[in-house]
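Here is a short briefing on one protein chain. Read it with the sequence and the structure side by side.

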Amino acid sequence: MAQNETIQLDHGAGGLASRRLLERVFAKHLANDVLAQMDDAAVLAAPGGRLVVSTDSFVVDPLFFPGGDIGCLAVHGTVNDVAMRGGRPLYLTAGFVLEEGLALADLERVVASMGRAAAQAGVKVIAGDTKVVGRGQADKLFINTAGIGVLADGLELGASRARAGDAVLVSGTLGDHGVTIMAARQGLGLDLSTRSDTAPLADLVADVLAACPGARLFRDPTRGGLATALKEIAEASGVAMELDEAAIPIAGAVAGACELLGLDPLYLANEGKLICVAPAEQAQAALAAMRGHRLGDRAAIIGRAVAEKPGRVWLNTAVGGRRLLEMLSGEPLPRIC
């Protein structure tokens, strides 16, 4: 591949250029026995159990940022959605919208990252599609993914299953991804040491379930952050949530950036953290399981579900006050994932 090669409109025309792009970039990094069939659709073998299916689109700007890129983010975001329902991710599909003029080297870098992320998550990319649009009709590269996993019989997790008295846990520091994207974006003039937390969470969920079989639900607090996710859970379950600000883990660089920019880390996106709601008597076991996993060493119990005023989320502040948390209103930073 020449250093200055770029995407051209005929790469999306379905002819020879499309075929060469498929072979030179996508098949090279995402190859597996299913994709090698090169048919219009994949026929899959699935272990026993129920299927879990999720889909998501990724438009993050910039394409590359400390700790990740749009490729691994697309894999992690979708397999994590499957994992939050207790599913074991198995397969992904991927659709690419490419802008004319995109450097082929950048595309290959993204696809190679997807291949590594898929291997780490234990999933195969089994179908895909590419479309090319003219200059100015998109912004370099967008990716849509769909994830398929299996759910063991008898395992029931969901946003409506929290009960009064349950403990609320998070697996680590919040806001790392959101602040990293802000710092990486041109024009903000920030120079921070933060890195995106983007990571696959299925193994962490499995470890927690093994230690805490009564876990009610998992949720990855992506757009809208912790506050929005807990508000949705409180409303779906008919309970209130009471959080202890001092217990919520936030890295020093993230806290400093939020103070500088006037942002609340409780509303920033995370791509490698999860919320777990668990019966109080199993909370310590769940916490130990999280801290025993490489992605959960900063895990903490941050609050509890209570019966009074269902649907509300309260924050007991570090200075002794009490603050009501609502869902995110507006978009502090578009194209965060």
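α2 (70-84), α3 (104-121), β6 (141-151) and α5 (202-211) each give at least two residues to the lining of the second largest pocket. The model is predicted: local features need pLDDT of at least 70, side-chain atom pairs count only at pLDDT 80 or more, and totals for chains, interfaces and linings use all residues. Residues are numbered from 1 along each chain as its sequence is written, and side-chain values use heavy atoms, with hydrogens and water left out.

**Second largest pocket**

- Its volume is about 320 Å³.
- Among the 22 lining residues, Gly87, Arg88, Ala202, Asp203 and Ala206 are the closest to the centre of the second largest pocket.
- α5 supplies the largest share of this lining, five residues.
- The lining of the second largest pocket holds 14 nonpolar, five polar and three charged residues.
- Ala, Val, Leu, Ile, Met, Phe, Trp, Tyr, Cys and Pro count as nonpolar, Asp, Glu, Lys and Arg as charged, and the others, Gly among them, as polar.
- A pocket is an open set of points on a 1 Å grid over the protein atoms alone, where a 1.4 Å probe fits, with protein on both sides within 12 Å along at least five of seven lines; lining residues have an atom within 4 Å of a point.
- A volume is the space filled by probe spheres set on the points, and grid points are joined across faces, edges and corners.
- Helices (H or I, at least four residues) and strands (E, at least two) are DSSP runs, numbered from the N terminus.

**Two domains**

- The domain assignment gives domain 1 (6-151) and domain 2 (166-325); such bounds come from an automatic or database assignment.
- The C-alpha centres of domain 1 and domain 2 lie 28 Å apart.
- The contact (heavy atoms within 4.5 Å) takes 19 residues from domain 1 and 20 residues from domain 2.
- Both domains give residues to the lining of the second largest pocket, so this pocket lies between them.

**Largest pocket**

- The largest pocket has a volume of about 640 Å³.
- It is lined by 26 residues, and Leu22, Met38, Gly128, Asp129 and Thr130 are the closest to its centre.
- α1 (16-30), β4 (88-99) and β5 (124-133) are the elements that give two or more residues to this lining.
- β5 gives the most to the lining of the largest pocket, seven residues.
- The lining of the largest pocket divides into 14 nonpolar, seven polar and five charged residues.

**Helix α7**

- Val254, Ala257 and Cys258 are buried in α7 (252-261); buried means under 20% relative accessible area, exposed over 50%, and partly exposed in between, with a 1.4 Å probe and protein chains only.
- The buried residues of α7 fall within an arc of 100 degrees seen down its axis, so they line one face of the helix; the arc is that of the directions from the helix axis to the C-beta atoms.
- Gly252, Glu259 and Leu260 are exposed on the other side of α7.
- α4 (176-184) is what the buried residues of α7 pack against.
- Gly262 follows α7, and its phi is positive, near 70 degrees.

**Buried residues and their contacts**

- His177 lies in helix α4 and counts as buried, at 0% relative accessibility.
- Not counting residues up to four places away in sequence, His177 touches Phe65, Leu73, Ser196, Asp197, Ala269, Asn270, Glu271 and Ile336.
- Gly77 is in helix α2 and is buried at 4% relative accessibility.
- Leaving aside neighbours within four places in sequence, Gly77 is in contact with Phe58 and Glu271.
- Asp220 sits in the loop between β8 (217-219) and α6 (225-237), and is buried at 9% relative accessibility.
- Asp220 and Glu271 are 51 residues apart in sequence and 7.3 Å apart in space, C-alpha to C-alpha.

**Backbone details**

- The peptide bond from Asp61 to Pro62 is cis, with omega near 5 degrees.
- Pro62 lies in the loop between β1 (50-58) and β2 (64-65).
- Lys140, in the loop between β5 and β6, has a positive phi near 70 degrees.
- Lys140 counts as partly exposed, at 30% relative accessibility.
- Arg335, in the segment after β13 (322-325), has a positive phi near 55 degrees.
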